[in-house]
Amino acid sequence: MTHETGAPVCPLCGRPIPADVRQSLHHLVPKLRGGKGGATVLLHQICHNEIHATLSETELARNYSSIEALRAHPRIEKFIRWISRRPPEFYSRTPGPRRR
């Protein structure tokens, strides 16, 4: 999916990803859990960081291997509400404790 500006759109937060913004590919099934060569999605780096700060690789592989499942996770849902009010180029370190 692309934005009217031609920039790709982050499937997690729905904001455009300009070429000069930190971004990365997320393996929907982690490479270490059988996802090597599997589906990937382009995300803002801050969105990717939040996924990995929230969920373990095992949780990602078992229960969160789709964008829809990720968006439904309570902490990620809260993050999306927060980040959606920020400009596409916004970046900060992912705050708070890492997953338990």
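Rings of Phe, Tyr and Trp (for Trp, the six-membered ring) form a pair if their centres lie within 6.5 Å; planes under 30 degrees apart count as stacked, over 60 as edge-to-face and the rest as tilted. The model shown is predicted: local features need pLDDT of at least 70, side-chain atom pairs count only at pLDDT 80 or more, and totals for chains, interfaces and linings use all residues. Residues are numbered from 1 along each chain as its sequence is written, and side-chain values use heavy atoms, with hydrogens and water left out.

**View 1. Ring pairs link Phe79, Trp82 and Phe90 into a cluster.** The structure holds two aromatic pairs. Phenylalanine 79 and tryptophan 82 form a tilted pair, with 6.0 Å from centre to centre and 45° between the planes. These two residues are about one helical turn apart because they lie three residues from each other in helix H4 (residues 74-83); helices (H or I, at least four residues) and strands (E, at least two) are DSSP runs, numbered from the N terminus. The rings of tryptophan 82 and phenylalanine 90 have centres 5.6 Å apart and planes at 75°, so this pair is edge-to-face. Buried means under 20% relative accessible area, exposed over 50%, and partly exposed in between (1.4 Å probe, protein chains only). Phenylalanine 79 is buried at 8%, whereas tryptophan 82 is partly exposed at 28% and phenylalanine 90 is partly exposed at 25%.

**View 2. Arginine 22 and arginine 86 each lie over an aromatic ring.** A charge sits over a ring if NZ of Lys or CZ of Arg is within 6 Å of the ring centre and within 35 degrees of the ring normal. The charged end of arginine 22 is 4.1 Å from the ring centre of tyrosine 91. Arginine 86 lies over the face of phenylalanine 90, at 5.8 Å from the ring centre.

**View 3. Helix H4 has a buried side and a face turned away from that side.** Ile76, Phe79, Ile80 and Ile83 are the buried residues of H4. Seen down the helix axis, they fall within an arc of 100° and therefore line one face of H4; the arc is that of the directions from the helix axis to the C-beta atoms. These buried residues pack against helix H1 (45-54) and helix H3 (67-72), contact meaning heavy atoms within 4.5 Å. The face turned away from the buried side carries the exposed residues Pro74 and Lys78.
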